[in-house]
Each structure stands twice: as structure tokens, then as C-alpha cells.
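These are my notebook entries on one protein chain. I record what I looked up, entry by entry.

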Amino acid sequence: MRKALHAAVLAIVAVTLSGCSYNRFTTQEEAIKGAWGEVQNQIQRRNDLIPNLVETVKGYASHEEGVFKEIADARSKLLAARTPAETIEAANQQSTALGRLLAVVENYPNLKANEQFNRLMDELSGTENRLSVARMRYNERIQEYNTTRRRFPSNVTAKVFGFKEYPYYEAPPSSQAAPKVDFNKR
């Protein structure tokens with residue numbers, strides 16, 4: 001009788017702990033989805049700005065076809081992305097292509113003086129800042145969730161109910177390299 005009572009108490013405690021972890025996981029997953037939605041919103045905003053920026057640059061640097069093709073490819077890849085991992089990879093490719101476009105712009109002082117170009121660059125800069133904040137918040141939600149997922153006893157709940165690890169939004173490898181600055185160009 002005593003063993004049965006002990007087992008019942010243990011089962012109630014286990015179910016209570018498991019239930020709390022389950023609710024925490026679902027709450028954290030919803031927070032991740034909300035944060036991811038904001039990341040996608042800012043990526044889309046940037047994606048909508050790029051064609052106007054490219055067309056403005058083409059007016060001054062039409063012979064830079066390689067850069068324009070790279071941006072178009074990255075944009076297409078982003079539109080076709082279905083998972084967060086694919087979106088992150090495509091967005092990072094787009095960031096790299098944008099960096100190359102901005103490097104090309106440095107060779108055209110008249111373009112940098114163009115009012116429309118400057119307005120687009122201001123919008124792009126603001127969008128990049130918002131995207132940076134959205135990525136940071138997304139990664140914070142991921143960190144909370146993944147930490148809970150790895151701790152005991154919630155790791156048991158995660159395994160039983162199949163809560164999977166979410167990937168972080170990591171910066172592209174090209175952003176790890178130091179930028180090249182040339183003060184001799186005019």
C-alpha cells in the first residue's frame with residue numbers, strides 16, 4: 001500500500017512538472033514564431049527596397065552586370081525559401097550581394113550625390129537597423145527556448161513531446177571579414 005501511494009505521488013509530481021514544461025515550451029515556441037515573423041517582415045521590407053536601389057544604380061553603372069545578377073539571384077532565392085534555415089541562408093546571401101553593390105557605388109561619386117539614391121540608402125539603412133533588432137530578439141527567444149529544452153526535467157518533456165531545437169539566425173561568413181577601406185579613391 002505504501003509503495004502504491006509513493007508511486008502515485010511520484011507520478012503526480014512528474015505529471016505536474018511535465019505539464020509546466022509543456023506549457024512553457026508552447027509559450028516559448030509562440031514567442032519564437034512571433035519574433036521570426038518580425039524578422040521576415042523586415043527581410044521583406046528590405047527585399048522590396050532592393051529593386052528600386054538596383055534600378056537607380058543601373059542608371060550610373062550599367063556595366064556592373066555581375067553584381068545585379070547576384071542580387072537578383074539572392075532575391076529569387078529568398079522568395080523561394082520555405083524554412084527558417086533557407087530564409088536565413090538566402091537573407092545572408094542577399095546581405096553579401098548588397099555589400100558588393102555598395103562597394104560598386106563607391107566608384108561613382110555622381111551616384112552618391114543623387115537624391116533618390118540617398119533616400120533609398122536612408123530607407124535601407126533604417127530597415128537594416130530594424131532587421132538587426134528583429135534578429136537579436138529572435139535569437140534571444142531561441143536562446144531561452146533551447147536553454148529550457150536542455151535543462152532537467154524539462155529535457156524529458158521536450159523528448160517525450162518532440163520539441164526540437166531551433167536554429168539561431170547567424171551572420172553570414174562574409175560579415176566576419178574586416179571591411180577593406182581605401183582612402184585613396186575619390
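Entry 1, aromatic rings. I counted rings of Phe, Tyr and Trp (its six-membered ring) as a pair if their centres lie within 6.5 Å; planes under 30 degrees apart are stacked, over 60 edge-to-face, and the rest tilted. I worked on a predicted model, in which local features need pLDDT of at least 70 and side-chain atom pairs count only at pLDDT 80 or more, while totals for chains, interfaces and linings use all residues. Residues are numbered from 1 along each chain as its sequence is written, and side-chain values use heavy atoms, with hydrogens and water left out.

My search of the whole structure gave 7 aromatic pairs. For F25 and F163, I found ring centres 4.7 Å apart and planes at 20°, so this pair is stacked. The pair links distant parts of the chain, 138 residues apart: F25 lies in helix α1 (residues 2-58) and F163 in the segment after α6 (154-161). Helices here are DSSP runs of H or I with at least four residues, strands are runs of E with at least two, and both are numbered from the N terminus.

I located A85 in helix α3 (residues 84-105). Its relative accessibility is 46%, so A85 counts as partly exposed. A85 and Y166 are 81 residues apart in sequence, yet their C-alpha atoms are 9.4 Å apart in space.

I listed 6 helices and 0 strands, in the order α-α-α-α-α-α from the N terminus. Of the 186 residues, 32% are buried. Among contacts (heavy atoms within 4.5 Å) with a separation of 6 or more, 76% join residues 24 or more positions apart.

Methods
Buried < 20%, exposed > 50% of the residue type's maximum accessible area, 1.4 Å probe, protein only.
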